[in-house]
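User: I would like to learn how to read the features of a model such as this one. Could we take them one at a time, with the general idea before the case?

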Amino acid sequence: MLRQALAPQEKPGLPSNFAYTTMRRIRREQRESQRRQQLAAFIIVAAVAALGIGGLIYAFGSVIWRSLVAMTKQPDALFLAPATLFCLAFFALINHLLARHYISSDRTAPQ
């Protein structure tokens with residue numbers, strides 16, 4: 001018994017797929033880290049946008065409200081609303097398409 005206790009024991013070896021499982025775990029942790037960073041960035045952008053809109057409403061809310069009321073009272077100025085909405089929609093679409101194009105090309109570029 002004493003001889004067996006003092007005899008060098010075989011050290012447990014690494015499994016045959018150690019590299020594969022390790023790389024899979026590293027990729028999973030990188031995805032989780034990236035997801036956390038994206039969530040934090042989204043929360044920060046939303047908070048800054050909300051604070052900006054709130055600040056604009058606080059500073060210029062009465063002026064904006066009076067302008068909207070004045071615009072509804074003048075029938076010849078009312079046609080500007082659909083044109084403005086069309087321009088905003090157009091620029092939002094262009095922004096989306098360009099961002100999608102340039103972001104997708106950045107992801108495929110070698111690092």
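Analyst: Let us begin with exposure: a residue is called buried under 20% relative accessible area, exposed over 50%, and partly exposed in between, with a 1.4 Å probe and protein chains only. L56, at 48% relative accessibility, therefore counts as partly exposed. This is a predicted model, in which local features need pLDDT of at least 70 and side-chain atom pairs count only at pLDDT 80 or more, while totals for chains, interfaces and linings use all residues. Residues are numbered from 1 along each chain as its sequence is written, and side-chain values use heavy atoms, with hydrogens and water left out.

User: What is the mean pLDDT of the protein chain, and which element has the lowest mean?

Analyst: The pLDDT is the predictor's confidence in each residue, from 0 to 100. Its mean over the protein chain is 85, and 87% of the residues reach 70 or more. Among the elements, helix α1 (residues 2–6) has the lowest mean, 70, and α2 the highest, 92. Where pLDDT is low, the predicted coordinates should not be read in detail.

User: How many helices and strands does the protein chain hold?

Analyst: Helices (H or I, at least four residues) and strands (E, at least two) are DSSP runs, numbered from the N terminus. The protein chain has 3 helices and 0 strands, in the order α-α-α along the sequence. Buried residues make up 2% of its 111 residues.

User: Which residues form the nonpolar patch on the surface?

Analyst: A patch is made of residues with over 30% relative accessible area and no salt bridge, like charges being joined within 9 Å and nonpolar side chains (Val, Leu, Ile, Met, Phe, Trp, Tyr) within 5 Å. Accessible areas come from the Shrake-Rupley method with a 1.4 Å probe, and for residues only the protein chains shown count as cover. Here L56, F60, V63, I64, W65 and L68 form such a patch, with about 620 Å² of accessible area together; L56 lies in helix α2 (residues 18–73).

User: Which residue forms a salt bridge with R25?

Analyst: A salt bridge is a side-chain nitrogen of Lys or Arg within 4 Å of a carboxyl oxygen of Asp or Glu. The structure holds 1 salt bridge, and R25 forms a salt bridge with E29, the closest N and O atoms being 3.9 Å apart. Both residues lie in helix α2, 4 residues apart, about one turn of the helix. R25 counts as partly exposed because its relative accessibility is 40%, and E29 likewise because its value is 41%.
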